[in-house]
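Here are my notes for a colleague who is meeting this structure for the first time. Please keep the sequence and the model open while reading them.

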Amino acid sequence: MLKLRPAVTACGVLLLCAASGQALAIPERAADTPEQLLAQLRSNTSGQLVDTVISSAGYRILHSRGGEPLLQDNNADTPVQRAQNFLSIYGPLMGVKDPLADLLVARSSNDGAGNTHIHLNQVFNGVPVLGARLVVHMNKLGVTGVNGVFVKNLEGTSTEPKIARNDAGSLAVMLARKRYADSDGKLNIRVESNRLVVYRSDILSKRQPQAQNYLAYEIVVGAGPGTGVRERYILDAASGAVINRIDGIQSLHNREI
C-alpha cells in the first residue's frame with residue numbers, strides 16, 4: 001500500500017510525498033498578503049513583472065516582460081495540475097480563494113510556440129458566474145502568465161431560484177415576441193438555451209456605482225437562421241425582472257481595415 005506523508009515546500013504549498021519520492025501537489029489557499037505575493041512574483045521574474053488592469057470589471061493580466069516564468073514548476077504534472085498549483089499560491093491576486101472549488105476547467109489549448117493555455121470558468125456553490133473566466137498560460141519552464149476576470153464578494157448571494165426555469169423561459173419568449181411585434185406567433189420564437197447563473201451587473205457593461213450580484217437565468221431565444229431574431233435575456237431568478245438584454249444579431253454598416 002502506498003503511504004503518503006505531508007510536507008511543506010518553501011513556497012507554502014502542501015505536498016503529499018509518496019514513499020517512492022514522488023510529490024503530489026495539493027492546492028491550498030496561500031497565507032501571504034497580496035503585497036507579499038506581488039513581491040514574490042517580482043523576485044521570480046527579476047523585476048520584470050507586468051501587472052495590468054484593463055477594464056472596469058477588473059480584467060487583470062499578470063505576466064513577465066522579460067520572459068521569465070512567474071513560477072517555475074514541475075512540467076511532469078498535467079497542465080491542469082500546474083494551473084491549479086499556481087492559483088493555490090497566487091490565486092488571491094485574482095480574487096481566487098480555493099481554485100478547486102471556485103473554478104472549473106473549461107478547456108485546454110496549445111499554440112504554435114509550444115505554450116499551453118488552461119481556461120477556467122468561475123463557479124459559486126456550483127453555479128456558473130456569467131462572464132467570469134481565468135486563463136493560465138505555461139510553457140516547459142513554468143507558468144508564464146494569467147489573465148481574466150474573477151467576481152469577488154459573492155458571499156451571501158442566493159443560489160436557490162424562486163422562479164422555475166421553464167417559467168423564466170416562457171417570460172423571455174414573451175418579451176421577445178413583444179419586441180418583434182410577434183403577437184400572432186408567426187416568427188416561432190423559442191428558447192434556444194436556458195441556464196441558471198450568478199450575474200454581476202457590471203461584468204458585461206461599464207462599472208456601475210452600485211453594481212449588484214444576482215442569481216439569474218441566462219436565456220437565449222431566437223426564431224431560426226435568416227429571421228434576424230436572436231436575443232439573450234438576463235432575468236432575475238427571484239423576481240423575473242429583466243436585468244440585461246443583449247441583441248444576438250450584430251449589424252455591421254461600415255468596416256475599415
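1. Helices (H or I, at least four residues) and strands (E, at least two) are taken as DSSP runs and numbered from the N terminus, and the expected span of a helix is 1.5 Å times one less than its number of residues. The model is predicted, with local features needing pLDDT of at least 70, side-chain atom pairs counting only at pLDDT 80 or more, and totals for chains, interfaces and linings using all residues. Residues are numbered from 1 along each chain as its sequence is written, and side-chain values use heavy atoms, leaving out hydrogens and water.

2. Helix α4, residues 165-179, contains 15 residues and reaches 21 Å from its first C-alpha to its last, close to the 21 Å expected at 1.5 Å a residue. A181, which follows α4, has a positive phi, near 50°.

3. Buried here means under 20% relative accessible area with a 1.4 Å probe, counting protein chains only, and in α4 the buried residues are A168, G169, A172, V173 and A176.

4. A nonpolar core is a set of buried Ala, Val, Leu, Ile, Met, Phe, Trp, Tyr and Cys residues joined through side-chain atoms within 4.5 Å. In the largest one, of 30 residues, V129, I189, Y199, I219 and V221 touch the most other members. The elements giving two or more residues to this core are β9 (127-138), α4, β11, β12 and β13, and β12 provides the largest share, six residues.

Note on methods
Buried means under 20% relative accessible area, exposed over 50%, partly exposed in between (1.4 Å probe, protein chains only).
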